[in-house]
Amino acid sequence: MKNTKYQQELNLAKYLAVQAGNAIMPIYYGDMSVSWKEDKTPVTNADLLANQLIQEGIQKRFPLDGIVSEELAAIEGSRCWYIDPIDGTRSFVEHTDQFAVHIGLAVGSEAVMGVVYKPVSQEIYFAEKDQGAYCLSPLGNKKLLNVQKHKKIISAMDKGDLTRPLYQELVQALSISRTIISGSEGLRVMKVAEGITDVHFNLDASKCSSWDLCAPQIIAEEAGAYVRFTDGTPILYERQQKLGKTFIVANSKDLAERISGLIYNKVN
C-alpha cells in the first residue's frame, strides 16, 4: 500500500487518541476530580492526563512541531497540532457518552489531518487531506463517510442553543424536522460527516476554539461537507486559541449559505 503524505502523522494520532481514551475511562468510572477554569468551564484530572499523554507522544515523534491545546501553553514549531484531550468535558463529568478526544494537524494554516475518538463506543473517525474520511469500529470495520441530504433538514446542536430564540426562528424558517443533541463539538460535526444530519452550526462565537474544530473540520470536508465561517470566509489555523466567529458545517454550499445568511448579522 502506497504511503500517503500524512500517514505517519495519522497513525500516531490514532494511536495516541486511543491511548488517551483508555487512560481516561477508569477516571470516568472511578475517582474523578473536577475544578473550574476562569471561563467557568470544567477541567478534570482526566483532561490533564490525556493532554500529557498526547503532548508527550507528539513531541517524541515530531519534536519540531508546535502544539496548541486546551490544557497547556502553546508550543511553537514549524507545523501545528491542535489537541482537545476531552471535547465535551461537561458530558464526561455527567457520565454521558458524548465526549471525544481530538487530535488535528494544520499545515500552512489549513487543517490536513484529524482524528476524533469516542472512548465509550471506541469508534475512531479520521481523515487525511485528499484521502477520504472514515470511521473505524471497535471490531476493525472501516466505513467510508459521506454527507447525505434528507427530505427535511436535520440538525446537530448543543443543547444550550435549543432555548435560544434565534434557533427557534431558524427551526421555523428552515423547517428543521429534527434536532440531534450532543455535548461534544466534534461529535456534532461527525453527525454531518456520517450523513446522519444535514447541518451543524454554532450560535455563540465566544465558545468555540481552534482545538474544537481542527480535527473535525478535515474529517467533515473529506466526507463532502462544506465548512466555513458564517461570513463566508475559510476557517484557518494560525496558532490562535479562539476562532472568534460563528461557523457552519453543512452537506452543501447552498444550505450553508442559506443558513449563514439568516444568522450571521444576528450573532456576530
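Predicted model: local features only at pLDDT ≥ 70, side-chain atom pairs only at ≥ 80, totals over all residues.
Local features need pLDDT of at least 70 and side-chain atom pairs count only at pLDDT 80 or more, while totals for chains, interfaces and linings use all residues. Residues are numbered from 1 along each chain as its sequence is written, and side-chain values use heavy atoms, with hydrogens and water left out.

The largest nonpolar core holds 35 residues. Such a core is a set of buried Ala, Val, Leu, Ile, Met, Phe, Trp, Tyr and Cys residues joined through side-chain atoms within 4.5 Å. Buried means under 20% relative accessible area, exposed over 50%, and partly exposed in between (1.4 Å probe, protein chains only). Within this core, I219 and Y237 touch the most other members. Helix α7 (residues 210-222) supplies the largest share, seven residues. Helices are DSSP runs (H or I, at least four residues), numbered from the N terminus. Contact is defined as heavy atoms within 4.5 Å. Leaving aside residues up to four places away in sequence, I219 touches G114, V115, V116, Y125, F126, A127, A133, L145, M190 and A193. A second, separate core has 34 residues, among them I27, I58, V101 and I124.

The structure holds zero disulfides, a disulfide being a pair of cysteine sulfur atoms within 2.5 Å. For C135, the nearest cysteine sulfur is that of C214, 19 Å away. C135 is buried, with a relative accessible area of 5%. C208 is in no disulfide either; its nearest cysteine sulfur, that of C214, is 11 Å away. C208 is buried, at a relative accessible area of 2%.

Helix packing was examined for two pairs. Axes are lines fitted to C-alpha atoms, for helices over the stretch in contact, and angles run from 0 to 180 degrees between N-to-C directions. Helix α1 (residues 7-29) packs with helix α2 (residues 45-61) at an angle of about 155 degrees, their axes 9 Å apart. α1 is therefore roughly antiparallel to α2. Angles over 145 degrees count as roughly antiparallel, under 35 as roughly parallel, 65 to 115 as roughly perpendicular and the rest as oblique. In α1, Q8, L12, L16, Q19, A20, A23, I24 and I27 meet α2 residues including N45, L49, L53, I58 and R61.

The axes of helix α5 (residues 165-174) and helix α8 (residues 253-267) come within 11 Å and cross at roughly 155 degrees. α5 is therefore roughly antiparallel to α8. L166, E169, L170, A173 and L174 of α5 make the contact with R258, I259, L262, I263, K266 and V267 of α8.

Methods
Helix = DSSP H or I, 4+ residues; strand = E, 2+ residues; numbered from the N terminus.
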